[in-house]
Amino acid sequence: MTANGETLKGSRAGEAATPRGRAGVTPEEFREMGRIGAMYYEQGNLTKAQAVFEGLVELDPSSAAAHSALGALLTRRERYDDALPHLDRAVELDPGQIAPYVNRAEIFIKQGRAQEAVENLKKAIALDPREADPAANRA
């Protein structure tokens, strides 16, 4: 789940080997947890949202959406050094997600890293040239 409401998906390959699989959390339950985290995020209850998103990353470290959601939340809290590794991991796991690029660009702008910000915004826009995704509209 990204903070903008994208659906959380765990990796299917080796699912039983993940903490999520060992805990018996189904993909549907994982997505529902993501929706709850997004609800908290949208309500401005960032402490609860962060607890949910951190739990999702623990349950499935291979979930790009979980890393993206936690990175977005940490960006909103201006915890940039904590956010970037999660946003980077989200991009590594699923380079087709837009939100991590936009959030990285936001961080780079605030850090005065203009060239890196532009590169990330270009990637976000290239992924959604028709601006259908709300995350790309930020770009």
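Q: Contact means heavy atoms within 4.5 Å; which residues does Val25 contact, leaving aside its neighbours within four places in sequence?

A: Val25 is in contact with Arg20, Phe30, Met33 and Leu59, once neighbours within four places in sequence are set aside. This is a predicted model, in which local features need pLDDT of at least 70 and side-chain atom pairs count only at pLDDT 80 or more, while totals for chains, interfaces and linings use all residues. Residues are numbered from 1 along each chain as its sequence is written, and side-chain values use heavy atoms, with hydrogens and water left out.

Q: Where is Val25 placed in the chain, and how far is Val25 from Leu59 in space?

A: Helices are DSSP runs (H or I, at least four residues), numbered from the N terminus. Val25 sits in the loop between α1 (19-23) and α2 (27-43). Its C-alpha is 8.5 Å from that of Leu59, although 34 residues separate the two in sequence. Val25 counts as buried because its relative accessibility is 13%; the classes are buried under 20% relative accessible area, exposed over 50%, and partly exposed in between (1.4 Å probe, protein chains only).

Q: How is pLDDT read, and what does the chain average?

A: pLDDT is the predictor's confidence in each residue, from 0 to 100. The average over the chain is 89, and 85% of the residues score at least 70. Over residues 9-13 pLDDT stays under 50, and the model has eleven contacts beyond four places in sequence for that stretch.

Q: Which residues of the largest nonpolar core touch the most other members?

A: In soluble globular proteins, nonpolar side chains tend to be buried together. A nonpolar core is a set of buried Ala, Val, Leu, Ile, Met, Phe, Trp, Tyr and Cys residues joined through side-chain atoms within 4.5 Å. The largest here has 23 residues, and Phe30, Tyr41, Phe53, Leu56, Leu73 and Ile107 touch the most other members. At least two residues of this core come from each of α2, α3 (46-59), α4 (64-76), α5 and α6. α3 gives the largest share, seven residues. There is also a second, separate core of five residues, including Val91, Ile98, Val102 and Ala124.

Q: How many residues of α6 are buried, and what is its reach?

A: The expected span of a helix is 1.5 Å times one less than its number of residues. α6 (residues 99-110) has twelve residues and reaches 17 Å from first to last C-alpha, close to the expected 16 Å. Nine of the twelve are buried, among them Tyr101, Val102, Ile107 and Phe108. Gly112, which follows α6, has a positive phi near 75°.

Q: How many salt bridges does a search of the whole structure find?

A: A salt bridge is a side-chain nitrogen of Lys or Arg within 4 Å of a carboxyl oxygen of Asp or Glu. The search finds seven. One of them joins Asp60 and Arg20 at 3.6 Å, N to O. Asp60 is in the loop between α3 and α4 and Arg20 in α1, 40 residues apart. Both Asp60 and Arg20 are buried. Asp88 and Arg104 also pair, with closest N and O atoms 2.8 Å apart.

Definitions and conventions. Contact means heavy atoms within 4.5 Å.
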